[in-house]
Amino acid sequence: MSRFWTGCAAILALVIGISIHGAAPASAQGSVEVMHWWTSGGEAAALEVLKDDLESKGVTWNDAPVAGGGGEQAMTVLRARVTGGNPPTAVQALGFSITDWAELDVVANLNEVADAEGWDDVIPDALQSFSKYDGKWIAAPVNVHSTNWVWINKSALDAAGGRAPTTWDELVSVLDRMKSNGIIPLGHGGQAWQDATIFDAVVLSLGDDFYKSALIDLDPGALSGAKMREAFDRMEVLRGYVDDNFSGRDWNLASALVIEGEAGMQMMGDWAKGEFLKAGQVPGEDFVCIRFPGTQGSVTFNSDQFVMFEVGEESRPAQLLMASAIENPVFQSAFNVVKGSVPARTDVPDTDFDDCGKKGMKDLAEANRGGSLFGSMAHGHAVPPAVQGAIYDVVTQHFNREISSAEAVESLASAVSAVR
Ligand code: BGC
């Protein structure tokens, strides 16, 4: 029997098994150990959708959370697990780090499910380039997030003139007004990945071509030129609007400041929306979502994927069931409505999404058509982890005022070339 038919037979057997026995008892289909960094309120609520879905299919969920936004800590724990010969069944991972695992030949082959379900036709190429390696599907994409968003407290915006900023100058004047109104203008957490998330948006606000040549092509001229100087100058301006206690703060606590009106806005990927929703807030009424001023029409994206590891025959049925469940269009809608992201498939309707989600889906499709969709540097979709780490270091030292804009520009190109 060909691989394809073996796969179909396996899936059919699972489906029949479930329908004959009705609600399958827990564990009837085996178990999955799932490593992830979804530990904030909004993230946990979204994860619950996946967990419940799998448990309803008879798969036991063994949770392996590793807290730490952006996933750096999770990747460290994962390295130790894989090196010790004991990888989890499925691991949340981003972009180039998925490719790194594939190169080590420790990942599973999901083709039997992917072929049977036609993933090739419904998952955008920008995601497939990370979900597939050497013609093999190795990861199941859950979503598409984008990083060039600003989340604004609606009352704070009203008090600051009521108009969402569309340009850099307007942004600065709204931040100034929030400052004179006595709140923290910019809710932020001083962690390298959060600084880098803002840097993504700032670089993009200086032009699509600049973002591409600096952060994707790593062109030394772009990394060390006048525009990069301007990007660091803008970062310095933004640094002037964070509070004294920003250092080390987790991103969801920065979201909480905005939710509670203690801060005016947060510049963060759309996982932040999950926190606003979890707090019972409604877009347009309690908070406003805008693209980072100057980046309208363009999108920097990242996609959470569950990369599946080679874990032996016994765990394989549950692993395949998990991969299949993730790509189910109904699940894609239900999960992403809660997570703040948008579906990883192009054929999921936007009906159940709120206004920010609908905008997210529309922006993504338009940016993709118009050639202005770029992988996020901060979230692993522009450059390999070593280069990303080198950029993080310079951006974060600069944000912490350890080096000037001139020094940051001077060291960026050499820091990048040292690790390439
Ligand atoms: C992930 C999101 C996650 C965020 C904060 C990002 O890298 O893609 O799913 O919510 O980090 O933890």
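1. A word on terms before the helices: axes here are lines fitted to C-alpha atoms, for helices over the stretch in contact, and angles run from 0 to 180 degrees between N-to-C directions. Helices are DSSP runs (H or I, at least four residues), numbered from the N terminus. Please keep in mind that this is a predicted model, where local features need pLDDT of at least 70 and side-chain atom pairs count only at pLDDT 80 or more, while totals for chains, interfaces and linings use all residues. Residues are numbered from 1 along each chain as its sequence is written, and side-chain values use heavy atoms, with hydrogens and water left out.

2. Let's start with helix α13 (residues 226-239) and helix α19 (residues 385-399), whose axes come within 9 Å and cross at roughly 45°. The two helices are therefore oblique to each other, since angles under 35 degrees count as roughly parallel, over 145 as roughly antiparallel, 65 to 115 as roughly perpendicular and the rest as oblique. On the α13 side, F232, M235, E236 and R239 make the contact (heavy atoms within 4.5 Å), and they meet V394, V395, H398 and F399 of α19. By class, this contact has 5 nonpolar, 1 polar and 2 charged residues; Ala, Val, Leu, Ile, Met, Phe, Trp, Tyr, Cys and Pro count as nonpolar, Asp, Glu, Lys and Arg as charged, and the others, Gly among them, as polar.

3. Helix α19 also packs with helix α20 (residues 405-419), at an angle of about 165° and with the axes 9 Å apart. These two are therefore roughly antiparallel to each other. From α19 the contact takes A386, V387, A390, I391, V394 and H398, and from α20 it takes S405, A408, S411, L412, A415, V416 and V419. The residues of this contact divide into 10 nonpolar, 3 polar and no charged.

4. Now to the ligand, which 14 residues surround (a heavy atom within 4 Å). The closest are E43, N302, D304, K339 and H379.

5. Three of these residues are worth a look in your viewer. A polar side-chain atom of E43 lies 2.4 Å from a ligand oxygen atom. For D304, the corresponding distance to an oxygen atom of the ligand is 2.6 Å, and for N302 it is 2.8 Å.

Methods: A polar contact is a pair of N or O atoms within 3.5 Å; within protein, one must be able to donate a hydrogen and the other to accept it, and residues adjacent in sequence count only if both atoms are side-chain atoms.
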